Amino acid sequence: MKNKTRLITMLALVCWSIVHSQTENTTDKKLNLQPIVFNTDDKPAFPDPPQGFRDKHAELASGKLTVVQYNSKTLGTRREMTVYTPAGYASDKKYPVLYLLHGLNSDKGQWTDWIRAQDVIDNLIRDGKIKPMLVVFPNCNSSITVENPTPDQEKEKEIGYKSYGVSFEKDLLKDIIPYIEANYAVYRNREQRALAGLSMGGGQSLNIGLSHIDTFAFVGGFSSAPNTNEVGGLSTLKLVPDVKAARKDLKVLWVSCGNKDWLFNVSQRIHSCLKTNQVPHVWHVDSNAHDDVEWANNLYLFSQHIFK
């Protein structure tokens, strides 16, 4: 499964390359194909995680991954997601929730099978560095359903990957979050909800999170892709629709990318846009590429800054 997820991710990167190499949109080319020029503030905000931070310790109490099916009223279909519950999860307690979004042409298993998010979280909880929390891994392509687990990727490309847009946003807000809050012992306020993602999921997290600050107090985009509003080249929608609310109400806004990432310009522009609008945020640039090391590292760091 791990090798399959790695292959899917590599194919996703190839898809992005094809899309952007064939486009005749000059603006898009400038945004994504220009040489990377590093600025003085394009540097690490924090040290790298310690060695072994995502090792699995089977001999110790670990959280549980459960594949859950739910009815999406928004999409009119049945869908799946994976839910991580921490070791010692009890229905008479309350837990915060982190929603983690995957990348293009991948699925909910990208975080669990390749990046091993559950092991990162397990180790942090054991070390007392974070609170016990639920982590939800949705399928971020609204075309993925129980009946249709492998959508036609050519068709997805033809329609501009719209299944990762508004349709998924509505499913997340109107179906996924309500399902979690109705079936698990979790808090139901924005201060106990975080949203983050990698690549395409990073763009989704910023697009959704910054448009729904009343729903999420913590938002993170790791190696965000060109689907990111305003700065990615595929949309003219404002990255920060309500600058005042972003300045006042966001507890953590996290933007990160490795300096070997071919999509670095997108994250750099996100940082520049936020800086111009004086929206406080973390800008973390390390030495990784568009890969599992980058995303595991940022999950480790980001998760220690949320739910404080």
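Take the hairpin of β1 and β2 first: four residues sit between the strands, and Gly76 there has a positive phi near 65 degrees. This is a predicted model, where local features need pLDDT of at least 70 and side-chain atom pairs count only at pLDDT 80 or more, while totals for chains, interfaces and linings use all residues. Residues are numbered from 1 along each chain as its sequence is written, and side-chain values use heavy atoms, with hydrogens and water left out.

Strand β1 covers residues 64-72 and pairs with β2 in the antiparallel sense, over nine bridges. Pairing here takes at least two DSSP bridges between two strands. Strands (E, at least two residues) and helices (H or I, at least four) are DSSP runs, numbered from the N terminus. Within this pairing, Lys64 stands opposite Thr85 in β2.

β2 has another partner to look at: strand β4, residues 134-138, pairs with β2 in the antiparallel sense over four bridges. There, Tyr84 has Val135 of β4 as its bridge partner. How covered is β2, residues 77-85? Mostly covered, with seven of its nine residues buried. Buried means under 20% relative accessible area, exposed means over 50%, and partly exposed lies in between (1.4 Å probe, protein chains only).

Now for the whole protein chain. The secondary structure comes to 10 helices and eight strands, and buried residues make up 55% of the 308 residues. Of the contacts (heavy atoms within 4.5 Å) between residues at least 6 apart in sequence, 77% join residues at least 24 apart. The accessible surface is about 13500 Å², with 52% of that belonging to carbon and sulfur atoms; such areas come from the Shrake-Rupley method with a 1.4 Å probe, and for residues, only the protein chains shown count as cover.

A few single residues are worth a stop, starting with their cover:

| Residue | Relative accessible area | Class |
|---|---|---|
| Lys162 | 61% | exposed |
| Glu230 | 32% | partly exposed |
| Phe307 | 2% | buried |

Lys162 sits in the loop between α5 (153-158) and α6 (166-183), and counts as exposed because its relative accessibility is 61%. Lys162 and Asn227 are 65 residues apart in sequence, with 9.8 Å from C-alpha to C-alpha.

Glu230 is in the loop between β6 (218-222) and α8 (243-249). Its phi is near 70 degrees, a positive value in a residue other than glycine. Phe307, in the segment after α10 (292-303), is not a glycine either, yet has a positive phi of about 60 degrees.
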